[in-house]
Each structure stands twice: as structure tokens, then as C-alpha cells.
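Hi,

Here is the structure I promised to pass on. Have a look at it first, and then read my notes below.

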Amino acid sequence: MAEQTLIQFRADKALKQEVAEIYEKLGMDLPTAFRMFMVKSKMVRGLPFEATLPEHKITRAEAKNAFYELRRQAADVPEMSFEEINAEISAARAERNR
């Protein structure tokens with residue numbers, strides 16, 4: 001048997017518990033799962049999974065839902081006249097310049 005070494009690291013307690021439960025359902029404990037991770041890393045000479053940032057694409061349904069949600073929120077905003085809008089802009093600029 002090869003010489004053993006102890007590996008320690010810190011992890012979020014809730015994350016550790018969730019992951020431990022997943023591995024338990026698969027019939028293994030955390031140390032076994034981490035050993036598997038290291039063996040697979042050695043085999044592929046890198047991370048044993050794809051490590052790229054996903055390209056976030058919004059679906060048509062998500063865009064439509066976001067639009068309707070913004071419209072719903074805007075319905076509660078009182079109507080303002082052009083003069084009232086300009087007065088607010090002027091007041092904000094005056095405050096910013098102080």
C-alpha cells in the first residue's frame with residue numbers, strides 16, 4: 001500500500017453537509033469521493049469536468065416575463081408631466097453640484 005498523507009481544507013458547513021448527503025446516497029463517504037476526484041484528475045491531467053463559464057442566454061419566455069414584470073411595476077408609478085420630469089432632473093443636478 002502506498003504511503004498515506006492527510007489532506008485538510010476548509011469548506012462551508014452547509015455545502016459540506018449537502019455534498020455528504022449526495023455521496024451517501026451514492027454509497028460513499030466524502031473521503032472516497034475526494035480520492036475519486038484526485039484519481040480522475042490524474043487520469044485527465046486536469047479538472048475532471050468542464051471548467052468554463054457558461055454563456056448565459058435568456059429565453060424568449062424569460063424576456064417576455066421580465067418585460068411584463070417591469071410593466072406591472074411601472075403601473076404603480078404615477079404619471080408625470082414633462083415639466084415635472086424636467087424639474088426633478090434640475091433638482092438632482094443642483095443637488096449633485098453642491
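A question to start with: is Ser 41 buried or exposed? Ser 41 counts as buried, because its relative accessibility is 17%; buried means under 20% relative accessible area, exposed over 50%, and partly exposed in between (1.4 Å probe, protein chains only). Ser 41 sits in helix H2, residues 30-44. Helices here are DSSP runs of H or I with at least four residues, numbered from the N terminus. Leaving aside residues up to four places away in sequence, Ser 41 touches Gly 46 and Pro 48, where contact means heavy atoms within 4.5 Å.

Before going on, two notes on the source. This is a predicted model, so local features need pLDDT of at least 70 and side-chain atom pairs count only at pLDDT 80 or more, while totals for chains, interfaces and linings use all residues. Residues are numbered from 1 along each chain as its sequence is written, and side-chain values use heavy atoms, with hydrogens and water left out.

Now the salt bridges. The structure holds two of them, each defined as a side-chain nitrogen of Lys or Arg within 4 Å of a carboxyl oxygen of Asp or Glu.

- Glu 55 and Lys 57 meet through their side chains at 3.9 Å, N to O. Glu 55 counts as exposed because its relative accessibility is 65%, and Lys 57 is exposed too, at 60%.
- Arg 72 pairs with Glu 69, with the closest N and O atoms 2.7 Å apart. These two are three residues apart in helix H3, so about one helical turn separates them. Arg 72 is partly exposed at 48%, and Glu 69 is partly exposed at 32%.

Helix H3 covers residues 60-74, and Arg 60 belongs to it. Arg 60 is exposed, with 76% relative accessibility. Its C-alpha atom is separated by 37 Å from that of Tyr 23, which is 37 residues away along the chain.

On the surface there is a nonpolar patch made of Ile 7, Phe 9, Phe 34, Phe 37, Met 38, Leu 47 and Phe 49, together giving about 710 Å² of accessible area. Patches take residues with over 30% relative accessible area and no salt bridge, joining nonpolar side chains (Val, Leu, Ile, Met, Phe, Trp, Tyr) within 5 Å and like charges within 9 Å. Areas come from the Shrake-Rupley method with a 1.4 Å probe, and for residues only the protein chains shown count as cover. One member, Phe 34, is in helix H2 and is partly exposed at 35%.

Cheers
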